[in-house]
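Subject: Structure handover

Hello,

My notes on what was found in it follow.

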Amino acid sequence: MDGKLGSGLAFAGCAVAAFIVGVKLAPQVRKWKNKDKYQIDEAGDHVAVRFDVLSISDLVTLVSDPGTGAISTFSGTTRDNFEGKEVVRLEYECYESMALKELKNLCSSIRAKWDVKKIAIEHRLGLCPVEESSVIIAVSAVHRGESLEAVKYAINTLKATVPIWKKEVYNNNESVKAVWKENKEFSKAKFKIKQDSS
């Protein structure tokens, strides 16, 4: 059809059918509300730790590139339970300069393993209510396999190496009101580093 719509095309969810003949489609225009909030470096990487609500759509827009055929994402959200306890929120803290350094190292490690175009990784700090994202990762690549593998590697490595701590806050009816937790992967990584250095 050479970019033209045929007559009688009905748009889903609308009661009206459009009858357009010989009209070329306009290119997709992305809404970019928070452009000043995001910076991508010369390598194509964006990392941040922030107290704001995280936006997966903003990170997808940030890693979009006309030369890529895939954008893979991961969004880790706060669930409402842990081992039978009702969780009402998570609270995150970090050593910011070290966390950002480790996130940049993670981007470099991804680039050494896969041919990706752009990487965006953000982690929330402060309060994170149930169902909101605490971490979002977006990776663009020419092919889906590379971006999918890179995203899986990114979340697993982030949990093992980035110094971000969480407090799980429970419902007032629980006997324990809150617990500071360290990722299980992080403990293993520290143990391995201690063994290697001795």
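Ile56 counts as partly exposed because its relative accessibility is 34%; buried means under 20% relative accessible area, exposed means over 50%, and partly exposed is in between, with a 1.4 Å probe and protein chains only. Ile56 belongs to helix H1, residues 56-63. Helices (H or I, at least four residues) and strands (E, at least two) are DSSP runs, numbered from the N terminus.

This is a predicted model, in which local features need pLDDT of at least 70 and side-chain atom pairs count only at pLDDT 80 or more, while totals for chains, interfaces and linings use all residues. Residues are numbered from 1 along each chain as its sequence is written, and side-chain values use heavy atoms, with hydrogens and water left out.

Helix H1

Apart from neighbours within four places in sequence, Ile56 is in contact (heavy atoms within 4.5 Å) with Thr73, Ser75 and Ile136. Ile56 and Ser133 are 77 residues apart along the chain, and 8.7 Å separates their C-alpha atoms. Which residues of H1 are buried? They are Asp58, Leu59, Thr61, Leu62 and Val63. The cover over the buried residues of H1 includes E3, strand E4 (70-77), E7 and E9.

The whole chain

The chain has four helices and eleven strands. Of its 198 residues, 37% are buried. Among contacts with a separation of 6 or more, 68% are between residues 24 or more positions apart.

The nonpolar cores

A nonpolar core is a set of buried Ala, Val, Leu, Ile, Met, Phe, Trp, Tyr and Cys residues joined through side-chain atoms within 4.5 Å. The largest one has 29 residues, and Ile110, Val116, Ile121 and Ile137 have the most contacts inside it. Two or more residues of this core come from each of strand E3 (45-50), strand E6 (85-94), helix H2 (96-113), strand E7 (116-124), strand E9 (133-141), helix H3 (144-161) and strand E10 (164-170). Another core lies apart from it and has eight residues, including Leu59, Leu62, Ile136 and Ala138.

What does Ile121 touch, leaving aside its neighbours within four places in sequence? Ile121 is in contact with His46, Val47, Ala48, Leu103, Leu106, Cys107, Ile136, Ile137 and Leu158.

Helices H2 and H3

Two packed helices are described by the angle between their axes and the distance between the axes. The axes of H2 and H3 come within 10 Å and cross at roughly 145°; axes are lines fitted to C-alpha atoms, for helices over the stretch in contact, and angles run from 0 to 180 degrees between N-to-C directions. The crossing of these two helices, H2 and H3, is right-handed. A crossing is left-handed if the near helix is turned anticlockwise from the far one by less than a right angle, and right-handed if clockwise.

On the H2 side, Glu102, Leu103, Leu106, Ser109, Ile110 and Lys113 take part, and they meet Ala150, Tyr153, Ala154, Thr157, Leu158 and Thr161 of H3. An α-helix has 3.6 residues a turn, so residues three or four places apart point the same way.

Thr157, in helix H3, counts as buried because its relative accessible area is 17%. Not counting residues up to four places away in sequence, Thr157 touches Leu106 and Val162.

Ala99 is in helix H2. Is Ala99 buried or exposed? Ala99 is buried, since its relative accessible area is 0%. Not counting residues up to four places away in sequence, Ala99 touches Val49, Cys94, Val162, Pro163 and Ile164. The C-alpha atoms of Ala99 and Pro163 are separated by 5.6 Å, with the two residues 64 apart along the chain.

Loops

Glu83 is in the loop between strand E5 (81-82) and E6. Glu83 is not a glycine, yet it has a positive phi of about 45°. Its relative accessible area is 65%, so Glu83 is exposed.

Glu131 is in the loop between strand E8 (126-129) and E9. Glu131 also is not a glycine and has a positive phi, of about 80°. With a relative accessible area of 69%, Glu131 is exposed.

Asn173 is in the loop between E10 and strand E11 (178-181). Asn173 counts as exposed because its relative accessibility is 73%. From C-alpha to C-alpha, Asn173 and Glu86 are 8.8 Å apart in space, and they are 87 residues apart in sequence.

Regards
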